[in-house]
Amino acid sequence: MPVLTIQRAPTSRSFRPGKWPITTATSQSGVRSKRLWGSLASGGVLSLTYANIPDDAAEDFIDSWQQTKGGLDYLETTTGNGIQDTDLMFAGMTADMKTEILNATTGTQWTYAAAPQIESVAPGRSNVSVSLTAELRMS
């Protein structure tokens, strides 16, 4: 199964929680009602940037993208979240913030939201930007 091996802490990262399956209806009299259609949020996005990393590390992102068939398949590991080492991915973040992000993506699986972007910055060195999405899918 496809795996994303994180070899180092990202230079920067951003997280946007997923959306809850809610619909809103407005009656003719103007009364609004909302309905929750599920028990989990989905579609959270985690964006990671790695600046000035060796090209062999950048190649791991391309390989992982290819293994997921362009984001069709989930990233999978024995821990089930698809990312080999979440400690490195969240390095520099407080334990509470890491817990909040992992809790916000409970029940989901990670895959690529888009192809990794790789920029060559010097011989043998690259900047890599990766965007992962936490999805709920029917099996």
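Two aromatic pairs occur in this structure, where rings of Phe, Tyr and Trp (its six-membered ring) count as a pair if their centres lie within 6.5 Å, with planes under 30 degrees apart called stacked, over 60 edge-to-face and the rest tilted. The model is a predicted one, in which local features need pLDDT of at least 70 and side-chain atom pairs count only at pLDDT 80 or more, while totals for chains, interfaces and linings use all residues. Residues are numbered from 1 along each chain as its sequence is written, and side-chain values use heavy atoms, with hydrogens and water left out.

The ring centres of Tyr50 and Phe61 are 5.2 Å apart and their planes stand at 40°, so this pair is tilted. It links distant parts of the chain, with Tyr50 in strand β4 and Phe61 in helix α1, 11 residues apart; helices (H or I, at least four residues) and strands (E, at least two) are DSSP runs, numbered from the N terminus. Trp65 and Tyr112 have ring centres 5.5 Å apart and planes at 85°, so their pair is edge-to-face. Because Trp65 belongs to helix α1 and Tyr112 to strand β5, this pair ties together parts that are 47 residues apart in sequence.

Tyr50 and Phe61 are both buried, as are Trp65 and Tyr112, buried meaning under 20% relative accessible area, exposed over 50% and partly exposed in between (1.4 Å probe, protein chains only).

Elsewhere, the charged end of Arg35 sits over the ring of Trp37, 4.3 Å from its centre, a description that requires NZ of Lys or CZ of Arg within 6 Å of the ring centre and within 35 degrees of the ring normal.
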